[in-house]
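User: I am new to this structure. Please walk me through the terms used for it.

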Amino acid sequence: MSVITESTEPRTRSRVGWPDLLWVTWRQHRALLLTSILLTLVGIALALSMTGLLASRNQPMVSLLGFDALTTPARWVLLAEQGFGVFIAVFWAAPLVSAEYERRTNLLAWSQDVSPLRWLTGKVALLLPMALVLAGAVGFAGKVVADHYHHDDNFRQFDAAVFEASPLLQVGFAGFGFALGLALSVITRRTVLSMALTLGIFAVVRFALIPARPYYLTPERDFHPIGQPGWLVTEHDIWLDAGYLNTAGEQLEFPPVCQNLGSGVPGGRDECLRGQGIVGVYYDYQPAGRVPVFQLIEFGVYAALAALLFVVTWRVVRRVQG
């Protein structure tokens, strides 16, 4: 006769470890991740091989299907690079939590063994670093392409596509996009709505900061005395303002009486301007040499926005957990 004994001690279930959470996240999102990685690597390989081929033939530009220089493959590469951050925001982050609510799988996922905050941290711990690494690789490929065309007028340093061809900036865009999509996913709990809002807000922020870009630092001033040649400003610098100065350094409008007069001739425009008290012309500009500093500043802006959005997400999830 057998005797069955039961323990009187309470049974406790072991807590789900981080390796298990990461493995579950990989299993859930591996199709999206593998597809994204494959497409990104193919795009980078095409961009680098095209640039290498042109460099070996010493050809800065190539026509494609009869289009002009603005639609060269290089420009397409840079335009595609500009869209990588929003791809991460809309297709990686925006559905991350909202899809769980819509399928009601959050009830299963957020069991007593895994809190919502711990579950979400496991997802972010795998997806965010992968997104940032891919963004850095995309930015590196874009920089190689942009550097190859830096002598062309269509690839000036402060042009948006060229300026953003930077691993650091692409990491900033992807991090901000991921944080934005995740926050809206947690708040709205609707996939389509969160994707649409992420797309709209991401575009608004990106386009709003582009005009402010030349004013991150105080512009430099190139002063040019009347009648003397020579300028410091180059075609890759961005010109912000220009005008005329008198001996007191005050800005003046071009005097109408000096219009239609020849330059560099006796009694011409130069003498007329001096007669009106104007001693020179100034140009306020940002030199192309400041581009790395500007990229670092803009990365800081997007990193700060991303940090703020992660805090918002954390507070919302904590409220759900509580």
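Analyst: A crossing is right-handed if the near helix is turned clockwise from the far one by less than a right angle, and left-handed if anticlockwise. The crossing of α4 and α9 is right-handed. This is a predicted model, where local features need pLDDT of at least 70, side-chain atom pairs count only at pLDDT 80 or more, and totals for chains, interfaces and linings use all residues. Residues are numbered from 1 along each chain as its sequence is written, and side-chain values use heavy atoms, with hydrogens and water left out.

User: What makes α4 and α9 roughly antiparallel?

Analyst: Angles over 145 degrees count as roughly antiparallel. The axes of α4 (residues 95–103) and α9 (residues 191–212) cross at roughly 160° and come within 8 Å. The pair is therefore roughly antiparallel.

User: Which residues make the contact?

Analyst: Contact means heavy atoms within 4.5 Å. Helix α4 brings Pro95, Ser98, Ala99 and Glu102, and α9 brings Thr191, Ser194 and Met195.

User: Why is the link of Cys258 and Cys272 called a disulfide?

Analyst: The cut-off for a pair of cysteine sulfur atoms is 2.5 Å. The sulfur atoms of Cys258 and Cys272 are 2.0 Å apart, and they form a disulfide. Cys258 lies in the loop between β3 (251–252) and α10 (269–275) and Cys272 in α10, so the link ties together parts 14 residues apart in sequence.

User: Are these cysteines buried or exposed?

Analyst: Buried means under 20% relative accessible area, exposed over 50%, partly exposed in between (1.4 Å probe, protein chains only). Cys258 has 0%, so Cys258 is buried. Cys272 has 15%, so Cys272 counts as buried.

Note on methods
Helix = DSSP H or I, 4+ residues; strand = E, 2+ residues; numbered from the N terminus. Axes fitted to C-alpha atoms, helices over the stretch in contact; angles between N-to-C directions. Parallel < 35°, antiparallel > 145°, perpendicular 65-115°, else oblique.
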